[in-house]
Each structure stands twice: as C-alpha cells, then as structure tokens.
Amino acid sequence: MAVALPSAGTRISHAGHLGTVRFVGPVEGTQGVWLGVEWDDPNRGKHDGVKDGRRYFTCLVPNSGSFIRPSSTISYGVSFLTALTAKYIDIPHGGSSSEKVILGSSGGAIEVEAVGLDKIRGKLAQLERLREVSLDSELVSTADAPGEIERTCPGIRGLDLSKNLIPGWDVVADIAIELSDLRRLSLNQNRLRLSQRSNISAFKRLEELQLNATLTTWEDLQAILLYMPSLNSVELGYNCLRSLQRESGTGVTHRNSHNNSTITSINLDSNKLEDFAELCAALHILPSLERLVLTSNSIARVPTLSSDDGGTFQSDGDAGQSPVRGLKHLALALNQIASWSDIDALPHWCPRLESMTLAGNPLVEDPVHKTHARSFAISKVPTLKILDGATITPKERTDSELLYLSHISKQPLSDTEKRAVHPQWQALSSKHGIVEAPSRASAQHTQDTLSNRLINVRIHTAAAGGPPPHSLPSDAVEGYLRGCRADAALRVLSTMSVRTFRMKAMKAFKIPREKQGAMRLWMVLPDGHFVEMSEEYAGRDLSWWGVEEGTAFVLAEFES
C-alpha cells in the first residue's frame with residue numbers, strides 16, 4: 001500500500017528524532033520521492049538543503065537538513081485528546097480486586113499484591129478535574145473536533161506541550177480556545193509557524209508563556225503578543241537571537257507593534273545577544289518590565305546612557321530616558337563584561353535596580369578584581385539589595401562603600417577626574433560625611449573614616465608542630481602566646497571572609513606556597529579555648545565568628 005505523502009511544513013518523528021518537512025518531491029540523479037527534513041537536533045542533519053549544487057530547501061539552522069524516504073515508520077503525531085487519554089487514563093483490569101505489582105525500585109525483584117487499583121485508576125480518569133497537564137514529548141500534532149477538549153478537560157490551568165509535533169500557532173489556538181481558564185502554557189522545543197488567523201479569545205487569560213528553543217524571533221514574538229492581553233511573563237531563551245532588530249530593516253521596533261503594559265518579566269537566557277543599548281531600545285514596548293534575564297549571552301559592554309543611545313526607542317516625553325527604567329531585577333551572569341565603567345552605567349539605565357547577577361563575567365572572575373569585585377559592585381549600584389543571590393546587609397553596604405572610597409583616595413586624581421571616573425564618588429562621600437575639599441585632604445578624610453571601621457587583631461605562629469592546646473586556664477593563655485615563634489598585627493574589616501583572612505595571615509608570615517595547604521587557623525576565645533576556624537565555615541565573615549578588637553589567633557602547620 002502506498003504511503004501517504006506529507007505536505008511541506010508537516011512535523012514528523014522518525015527514529016526518535018523530531019523534524020519539519022521542508023521539501024517533498026524527486027531529487028536529481030535518484031528515483032522516486034524524497035522528503036527534505038530540517039531536524040530539530042542539528043546533529044541529525046547532513047546539509048542545509050543543497051545537494052550536488054542544487055538547493056531544494058533552506059534550514060533555519062545551518063546543516064540541520066537531510067533527505068529521507070517516505071516510510072510507514074514515520075510518525076505524524078496524534079491529537080491532543082489521544083495523547084491526554086494515553087497518558088492519564090489506565091484501562092481498568094476488572095475482575096479480581098487485587099493485582100500483582102512489581103516495585104520499580106527493586107529492579108523486578110520484588111512483587112507485591114495491591115488492592116483497589118481500579119478505584120485509583122477511576123479517579124485519575126476523571127479528566128475534567130485536571131488542573132495541571134504535561135504532554136511533553138507525547139507527539140501531539142493536532143487539536144480535536146470543536147467542543148471535544150472543552151467537554152473532556154475544561155479545568156486545565158497549566159499546560160505543557162513542549163517538544164511535540166505541533167506545526168503552528170493555529171493548532172495551539174484551536175487547543176487553547178477550548179481551555180477557558182488556561183493561565184500557563186509551555187511550548188518549548190517546538191517549531192511553530194505564525195498563524196494567519198486572528199483569535200484573541202484563545203489566549204485572553206494566559207499569564208505565563210514559555211517559548212524556549214523554538215527559534216522564535218523577536219519580530220514573531222511581537223506578533224504573538226497582540227493576542228495575549230493578560231500575559232505577564234515570557235521566556236525566549238535558547239533561540240539563537242543575535243539582536244532584537246528586524247532582520248528586514250534597521251529599526252528595532254516592529255512597524256505594527258504595540259506597547260504591552262502587562263508583561264513584567266522576560267527571559268532571554270542563552271541567546272547570542274551582544275548590544276545592550278539595542279536590546280534595551282527594543283524592550284521599550286514593555287513599559288511595565290521589572291525582571292530581565294540576559295544570562296549566558298555575549299554582552300561585553302554597557303554604554304553610558306545618552307540621547308543618542310537607541311534613538312529609535314524615544315517617544316514623546318521619553319527623550320533621553322532609559323527604556324528599561326522600571327527594571328528591578330537584572331541577570332547579567334556569564335556574559336563578557338570586563339570593565340567597571342559598564343557597572344557604573346547601570347544605575348542610569350536601571351535607576352530602581354534591586355537585584356543583579358554578575359557571576360561568570362571576566363570582570364568578577366579576574367584574579368586582579370575578584371577579591372574586591374562584590375564590594376565595588378555594591379558601591380557602584382546604590383539601590384542594589386541582592387547581588388548574585390546573596391542579600392546585601394546594611395553593614396556590608398557600609399563597609400563596601402568605605403572600601404571603595406579608600407580605593408579612590410589612593411588614586412592621583414583631581415576631584416573633577418574622580419567625578420568622571422567614579423560616578424558614585426561624590427554621593428558616597430556625602431553619605432559618609434566626607435566634605436568636599438582639595439583631593440589630598442579628602443583622601444585623608446576617607447582613609448580616616450575607613451580606619452574607624454577596621455579592627456586590630458594579632459596572629460601568632462605555634463612554637464612547635466601540631467595544633468595549639470584545646471584550652472588553657474585564662475591566666476596561662478598570654479604565656480602560651482608569648483612562647484610562640486612570631487606574631488604580627490593586622491587591621492581588617494569584620495566583613496572579611498575567614499578564607500581571605502587566612503591567606504592574608506600566611507602572606508604576613510611569608511608562608512611558602514607549598515606549605516600553605518597544611519596551615520590551620522585557631523581563634524583564641526576569652527575563656528581560654530582555642531577554636532579551629534575550619535574550612536567548612538571558611539566562607540563566613542569574621543563578625544560571624546565573633547572576632548572583635550584585640551582578638552588573638554594561632555597559625556600552625558597541621559595535617560589533619
């Protein structure tokens with residue numbers, strides 16, 4: 001029996017791989033009919049639709065295409081309700097009230113007798129009670145007859161249709177229009193063509209939309225948003241986006257796009273975006289945006305905001321203002337940011353920023369900057385409350401700002417140069433009571449203010465190998481410390497981590513690198529106990545350990 005041929009645009013599953021038919025017909029030099037397929041997984045492909053110098057089809061992703069013969073082993077998918085029934089309804093066994101069940105965790109070794117499983121199956125089979133449904137990888141390709149989905153499962157609020165065979169938004173709309181209470185929709189890893197049909201009622205209550213790894217363009221998204229008046233969160237990660245400009249023109253905004261005042265969160269994770277100003281300009285159509293995820297892109301620069309940056313986003317009353325001025329949460333981890341001037345620019349783009357991620361950028365991973373990167377970032381963004389997932393306490397902010405001011409004071413800059421190079425310098429100086437004066441006096445004042453925050457501690461090196469005693473009578477502690485080989489005085493911030501403090505101590509005693517791994521640190525308590533500051537808690541700061549003015553420590557070589 002002849003195998004029915006699909007049309008171009010049909011989604012297929014073949015040997016475990018999903019793809020889209022891009023060509024149906026003969027291939028020169030061969031007999032019979034071939035299907036030109038663009039595979040979702042590019043590794044399955046062999047070319048981009050060209051054979052022997054002739055192009056038969058094109059691929060969205062280079063070298064993701066190949067030719068296959070029509071075959072009965074190719075699956076063209078099933079309807080929504082067919083997949084739903086297969087997953088959520090188990091056919092009753094009938095007859096006996098008990099059944100033999102193999103425990104999955106036993107590897108087939110344990111068999112038990114279960115009673116009443118048909119009753120459980122009956123409850124699960126009540127599809128009208130379903131609220132959250134996942135049909136991920138169930139080969140869904142079509143909707144069902146009008147009214148069937150609504151009669152069968154009208155209560156669905158969350159639906160996952162990721163990695164299926166749905167060919168376009170028309171099929172998605174045919175399913176969604178029957179789910180009047182649908183709020184969350186996941187369509188990840190599909191390939192969806194835009195619909196020619198306009199049906200705003202299909203998505204009128206939708207609040208969350210996931211379109212990760214769908215190759216959806218920014219222009220496509222703008223067209224889609226027109227039919228989602230209640231949407232507040234959208235994910236568009238892993239879509240190979242290099243910019244948010246129109247591919248067919250120079251403007252960043254779709255000619256027929258409209259502002260969307262409901263979206264507060266957009267995730268552009270793991271794309272190939274490079275131009276921060278350009279993408280912010282494109283986001284002008286989302287005036288209520290509060291959360292922006294740009295993790296794992298290729299952003300290397302955050303330019304100073306000016307009236308020339310992204311001029312296409314300006315509108316009446318908005319000239320010179322940031323198009324993302326409402327942002328409260330910004331994820332910039334794992335990009336290419338390498339200059340502090342980029343962080344200096346952020347408060348102008350995002351004056352309400354409360355949380356940010358920077359981990360994985362060259363700026364904070366570089367050994368030269370790493371020890372003070374967190375403190376400097378906190379100082380440069382005054383509204384920040386959370387950095388890289390860790391809350392910024394009032395004490396940490398104060399210590400960070402004073403450390404930053406101390407750093408500035410050591411630079412041979414005039415006050416005018418300081419304002420240009422360190423935009424937060426004047427505000428921080430005013431905040432911490434540093435009156436503007438000639439540079440030298442101002443620098444001395446800054447250092448004096450920082451000095452008030454430093455505490456003095458003493459470190460001793462044990463006279464003999466091994467750890468210090470577990471405890472000594474209070475009047476014997478001083479005698480023990482005087483008997484140590486050497487001692488050194490250090491001035492430190494209480495927010496310094498134990499790990500950093502230990503390295504600072506070893507540097508003070510010029511401990512060779514090959515011996516540093518065997519060095520341990522003990523804190524001397526007022527009652528005469530010696531407490532080891534173990535590696536388990538090395539990330540804690542000194543204030544957590546109760547370190548204060550005059551605290552003594554013992555540094556000893558000890559292999560545990």
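I sorted the residues that line the largest cavity by class and got 3 nonpolar, 1 polar and 4 charged. My classes: Ala, Val, Leu, Ile, Met, Phe, Trp, Tyr, Cys and Pro are nonpolar, Asp, Glu, Lys and Arg are charged, and the others, Gly among them, are polar. The model is predicted, so I take local features at pLDDT of at least 70 and side-chain atom pairs only at pLDDT 80 or more, while totals for chains, interfaces and linings use all residues. I number residues from 1 along each chain as its sequence is written, and side-chain values use heavy atoms, with hydrogens and water left out.

The lining consists of Thr20, Arg22, Glu38, Trp39, Asp40, Val61, Arg191 and Leu215. Strand S2 (17-25) and strand S3 (34-39) each give at least two of the lining residues. I take strands (E, at least two residues) and helices (H or I, at least four) as DSSP runs, numbered from the N terminus.

How many cavities of 30 Å³ or more are there? I count 1. The space in the largest cavity is about 40 Å³. On a 1 Å grid over the protein atoms alone, a cavity is a set of points where a 1.4 Å probe fits but cannot get out; a pocket is an open set with protein on both sides within 12 Å along at least five of seven lines; lining residues have an atom within 4 Å of a point. Points are joined across faces, edges and corners, and the volume is the space filled by probe spheres set on them.

**Salt bridges.** I find 19 in the structure, each a side-chain nitrogen of Lys or Arg within 4 Å of a carboxyl oxygen of Asp or Glu. I looked at several.

Asp40, part of the cavity lining, pairs with Arg11 at 2.8 Å between the closest N and O atoms. Asp40 sits in the loop between S3 and strand S4 (50-51) and Arg11 in strand S1 (residues 11-14), so this bridge ties together parts 29 residues apart in sequence. Buried or exposed? Asp40 is buried at 18% relative accessibility. Arg11 is buried too, at 2%. My cut-offs are under 20% relative accessible area for buried, over 50% for exposed, and partly exposed in between (1.4 Å probe, protein chains only).

Next I checked a pair within a helix. Arg151 and Glu148 form a salt bridge at 2.4 Å, N to O. Both lie in helix H3 (residues 148-152), 3 residues apart, about one turn of the helix. Arg151 is exposed at 56%, and Glu148 is partly exposed at 32%.

Then Glu532 with Arg520: the closest N and O atoms are 3.8 Å apart. This pair links distant parts of the chain, with Glu532 in strand S25 (residues 530-532) and Arg520 in strand S24 (residues 519-524), 12 residues apart. Glu532 is partly exposed at 31%; Arg520 is buried at 18%.

I also noted a network of salt bridges that links Arg157, Asp181, Arg183, Arg205 and Glu207.

**Cysteines.** I searched the whole structure for disulfides and found 0, taking a pair of cysteine sulfur atoms within 2.5 Å as the rule. Cys280 is buried at 0%, and Cys350 is buried at 1%.

**Aromatic rings.** I count 10 aromatic pairs. Rings of Phe, Tyr and Trp (its six-membered ring) pair if their centres lie within 6.5 Å; planes under 30 degrees apart are stacked, over 60 edge-to-face, the rest tilted. Tyr480 and Phe530 are edge-to-face, at 5.5 Å centre to centre and 80° between the planes. Tyr480 is in helix H15 (residues 474-482) and Phe530 in strand S25, so the pair ties together parts 50 residues apart in sequence. Tyr480 is partly exposed at 23%, whereas Phe530 is buried at 5%. Ring pairs also join Phe23, Tyr56, Phe57 and Phe67 in a cluster.

**Largest pocket.** I read its volume as about 1600 Å³. It has 39 lining residues, and those closest to its centre are Thr371, His372, Met496, Ser497 and Thr500. Which element gives the most to the lining? H11 does, with 7 residues. Elements that supply at least two residues each include helix H8 (362-365), helix H11 (394-409) and strand S23 (486-493). By class I get 13 nonpolar, 13 polar and 13 charged residues.
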